[in-house]
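Keep the viewer open as you read.

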Amino acid sequence: MSFLLNASLIQVYPGPKPLPFIGNLHQIPKSNHTATFTKWASRYGEVIYMKVISREYIILNSASAAVELLEKRGSLYGSRPQTIMAAELVGRSKAFTLIPYGQRYRMYRKYLRNAISTNSLSEHWAYLEDQSANLLEALLRNPDGFREHIRRSVGAVALRLSYGFQHEDGIDHYINLADELAQITREALEPGRWLVDSLPWLRYVPSWFPGAHFKKWAYWARVRCDEFTNAPFEAAKSNLSNDSTVFSFTSRALQMLEQDGNEPSSEGQDIIKYVSASIYAGGTDTTSSLISTFFLMMACYPEVQRKAQAEIDQITGRSRLPLASDEERLPYLSCVIKELHRIHPTVPLVPRTAEHDDEYRGYRIPKQAYILVNVWAMAHDPTVYPDPNRFNPDRFVSGKDSQPQMDPREISFGLGRRRCPGINLANTVSFLYISRILAMFDILKPLDESGLEYTPEVDFTLEHTS
Ligand code: HEM
């Protein structure tokens, strides 16, 4: 009996045919992994297995498989893969997004939960409303630079909430660093890109050795990531003695840890440092990407834009801007935001790992496998979202004979124990920015060389990995 059970667990999920020794290395694309994995999903099914030399991968393509594994068996799937490149060589093993599940990780979540719970976030509404008004002004001055304005504005929010920085504090340097960090994280975690992740002994190769370019890249990336984590934290700490310091997560957390006038322990400070960095790392790239998608969709779907504007005008009477507290009174706009999360999930592939060997529907999920949750495939699954490539916010409205389709934020913010802790902040910022842009502006299609409008081609880069 025991033999039969083990034999059935040996079965691996279907996937592309491997070659001896290298496995599926030759089939992993250099870019646009999500598109390839999504194509494989229609061929091999909701769960795919692949191997790169010794490293095993499981790609989850369906929401039902992701819910079963990441939510119902959450304790087994609460960690991230500890890759040699990202965790060890680039040194990201203590970063919030990559740290293994455990005591320190739980402290991170506790601190962040306190900082951006619904209650503590409402303290920042007035600031967020001011900041969104600055964005509107920048858009009015230079509408063509909309992507840059969004990036700066969202970055400024993250830096203010995490460190108390204001515009005068030279925030551009930190916003550029945040972009660099996002790019480094993407590259360091790219499936199949680094041979050292499949052949761990390569990490001992000296950087001068021919072909060891990866060591030089890792060293450069490590220096940038350390600056990203340390520099704003140290600046915020030294600002603490300054009376004009703005209240922030860092200042509040450091003050809470201070006991009898003594400095917080170095471990306590280290935890706060990583949590502060996570607000700025986790919130900048993702939220700006969502708002950039909004511009593209409004240009492509003017009828949706008009409907959302009419709803906003009805509650503001065109005499004021929408406020954070108006959200519940704008149900159609809420559907537009859901549809933005679905049409272009900003984190299309979420990395996880399994603590132990597991079995799902008769197939084996190996311990320490690199699990890729293919959020993109789930958000474009035609059995859940009919006509998935059409931007259609009405799919979330219940009709006479139809139920609303699943809220894509159930998956676009991840699932289970590591689900995004910044959801409240992301929802408030995206609601405020989007509602105010629609209240003030019409987003038009671009003009071609002869001055005629054309509908932009929708071609997303599916590369973000949180
Ligand atoms: C549109 C906006 C955002 C989207 C779509 C998004 C999406 C995600 C996703 C998919 C994950 C991985 C979750 C998982 O493994 O299940 C994640 C993790 C994370 N996000 Fe967000 N996020 C957004 C905004 C933010 C903001 C504003 C913050 C600021 C606090 C933030 C902080 C984090 C952190 C710290 C993690 C790591 C959590 C962990 O590993 O436990 N995110 N996010």
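## Cys 420 and its surroundings

Leaving aside residues up to four places away in sequence, Cys 420 touches Arg 109 and Phe 413, where contact means heavy atoms within 4.5 Å. This is a predicted model, so to speak of local features takes pLDDT of at least 70, side-chain atom pairs count only at pLDDT 80 or more, and totals for chains, interfaces and linings use all residues. Residues are numbered from 1 along each chain as its sequence is written, and side-chain values use heavy atoms, with hydrogens and water left out.

Where does Cys 420 sit? You'll find Cys 420 in the loop between α17 (409–412) and α18; helices here are DSSP runs of H or I with at least four residues, strands are E runs of at least two, and both are numbered from the N terminus. Cys 420 counts as partly exposed because its relative accessibility is 30%; the scale is buried under 20% relative accessible area, exposed over 50%, and partly exposed in between, with a 1.4 Å probe and protein chains only. An unreviewed UniProt entry puts a "binding site" feature at Cys 420; UniProt positions are given in the numbering used here, feature names are shortened, and annotations may be inferred rather than shown by experiment.

## Around the ligand

There are 29 residues around the ligand, and Arg 80, Tyr 105, Arg 352, Arg 418 and Cys 420 come nearest (a residue is near if one of its heavy atoms lies within 4 Å). α13 gives the largest share of this shell, with 6 residues. At least two residues each come from α5 (103–115), α13, β3 (349–353) and α18.

Now for the polar contacts, meaning pairs of N or O atoms within 3.5 Å. A side-chain N or O atom of Tyr 105 is 2.5 Å from a ligand oxygen atom. On the backbone side, an N or O atom of Phe 96 lies 3.5 Å from a ligand oxygen atom, and one of Gly 282 lies 3.3 Å from a ligand nitrogen atom.

## Helix α14

In α14, the buried residues are Val 304, Gln 305, Ala 308, Gln 309, Glu 311, Ile 312, Ile 315 and Thr 316. Viewed down the axis of α14, they fall within an arc of 160 degrees, so they line one face of the helix; the arc is taken from the directions from the helix axis to the C-beta atoms.

Exposed Arg 306 and Gln 314 are on the face turned away from the buried side of α14. The cover over the buried residues of α14 includes α13 (266–300), α15 (331–343) and α18 (423–440). Just past α14, Gly 317 has a positive phi of about 60 degrees.

Methods. A polar contact is a pair of N or O atoms within 3.5 Å; within protein, one must be able to donate a hydrogen and the other to accept it, and residues adjacent in sequence count only if both atoms are side-chain atoms.
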